[in-house]
Amino acid sequence: MAYDFKAATLSINGLIPTLGVTAEIEQGLMTVTSKTDWLSKLNNKNYTTGPTGSWKGEWLSVYQYLDYGNGTCYVGGTGSTGSYQSYSITNTPLHNSTLVPNLDVVFDCGNTFSAGAAASIAISRQDCVALIGNKSNLTGIDSLYDSEPDDFGITLGSTEYVAFIGGRKQTDTKVLATWPGSYFTMNCSADVAGLMAYNSNISDISTIVAGVGADKAIKNVISLTQTLSDTEAGFLKLNNINPIRQYSGFGTYLLGNKTYKNNSNSILDRLNLVVVLNYIKRNIKTILSQYLYQSNTETTRSLVSGTIDAFMKDLYIFSPVSGGTYTIICDSTNNTTATIQQGQLVVNITLSLPMYIDTIILNVINNLDGETAFTVTLV
């Protein structure tokens, strides 16, 4: 089911007062619907040769997201009036789920405080995932990797609402032919958000953007600043860091699907599953709100089940190809006389979500002696 993906980022360096109209500047919130829209904001403010100043990196990050061709981007910041006039990375327009009701991911822009702001937004809202990229080359990569404070600029406990993206790319700032060109180094969190938006539009929000494929290539890469070995990539994935890797002749790809939930037995450590679960949660909440203050009868309960079923069965993750299943119970078994008398309607949804391949082990065996000639592990 095609979906209009929603991403956001927080500007620390003044994107909104520089490029926004009066209402956006006052509120501290800008909505950008396309790459064309984003370029026009520069032209409208007479930046005819591209972004400049301290907000250049932020502008380029938003552009990277929009360059994948689909999805809306909300840019939050400090408002000139109202509730968000005082700067705080823990209280921004993007924290407000009433102001920005539908949000799938928040990506950081790679500058000071950006990672902390993205994590704060996602963890406080609990309906989206923060994509945080490294601010410098990854260090101390081994089985006990713990360099997140130095490499990503943030210290976190286990959480399904954050995903770390390990890899920095060098790109060309010459977005238009009339702009002067220069190389710029940035993380790939906006690219991963862009891939999610693109694949949500052509396929479904549950699509995994990790892996090698035509619809999964990271764009605008001149080179990566760090080449990871198979061993290093494996160590990063072991510690819930999603590596970016470049394959000669093929392209640059995300090779990980992990959140920062440190529990391999939980579906909440899978990035695509957390994104789709958040999506399900938001939509079912909207569905159920229609039935507040209705009579709790068999007819009402049947309508609730049918409406949720119609929504769920359209998701690719529950198709025969993907293999996920669900059951919905909203009947007299979980709506007893006592429950009804308390004014409650109870709906139980049981999910069985597919597990995906994140490691392939190839053993080549000699038929003559049964010995393994060699083993190849793909991570």
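The model is a predicted one. Eight of its strands form an open sheet of mixed pairing, with the order β2-β3-β1-β4-β5-β6-β10-β11. Because β2 (29–32) and β11 (251–254) each have a single partner strand, they stand at the edges, and one side of each is left without a neighbour in the sheet. Averaged over this sheet and with direction ignored, neighbouring strands are turned by 25 degrees against each other. Within the sheet, β5 and β6 run parallel and are joined by four bridges, and Ile132 stands opposite Phe164 of β6. Helix α7 (residues 189–202) lies across β4 (105–107), β5, β6 and β11, and runs at about 140 degrees to β5.

An open sheet of three strands, in the order β8-β7-β9, is paired in antiparallel fashion. Its edge strands, β8 (183–187) and β9 (223–224), each pair on one side only. Strand β7 is joined to β9 by two bridges, the two strands running antiparallel, and Gln170 has Ser223 in β9 as its bridge partner. Helix α4 (residues 56–66) packs on this sheet, where it touches β7 and β8, and the direction of the helix makes about 70 degrees with that of β8.

| Strand pair | Bridges | Direction |
|---|---|---|
| β5 (residues 129–133) and β6 (residues 162–166) | four bridges | parallel |
| β7 (residues 168–172) and β9 | two bridges | antiparallel |

Helix α4 also meets helix α3 (residues 35–44): their axes come within 9 Å and cross at roughly 155 degrees. Since angles over 145 degrees count as roughly antiparallel, α3 is roughly antiparallel to α4. On the α3 side the contact involves Lys35, Trp38, Leu39 and Leu42, which meet Trp59, Val62, Tyr63 and Leu66 of α4. Sorted by class, this contact of α3 with α4 has seven nonpolar residues, one charged residue and no polar residues.

For Cys109, the nearest cysteine sulfur is that of Cys73, 7.9 Å away, whereas a disulfide would require the two sulfur atoms to lie within 2.5 Å. Cys188 is likewise in no disulfide, its nearest cysteine sulfur being that of Cys109 at 13 Å. Cys109 counts as buried because its relative accessibility is 9%, and Cys188 is buried with a relative accessible area of 0%.

Key:
Residues are numbered from 1 along each chain as its sequence is written. This is a predicted model: local features need pLDDT of at least 70, side-chain atom pairs count only at pLDDT 80 or more; totals for chains, interfaces and linings use all residues. Side-chain values use heavy atoms; hydrogens and water are left out. Buried means under 20% relative accessible area, exposed over 50%, partly exposed in between (1.4 Å probe, protein chains only). Two strands pair if DSSP finds at least two bridges between them. Contact means heavy atoms within 4.5 Å. Axes are lines fitted to C-alpha atoms, for helices over the stretch in contact, and angles run from 0 to 180 degrees between N-to-C directions. Angles under 35 degrees count as roughly parallel, over 145 as roughly antiparallel, 65 to 115 as roughly perpendicular and the rest as oblique. Ala, Val, Leu, Ile, Met, Phe, Trp, Tyr, Cys and Pro count as nonpolar, Asp, Glu, Lys and Arg as charged, and the others, Gly among them, as polar.
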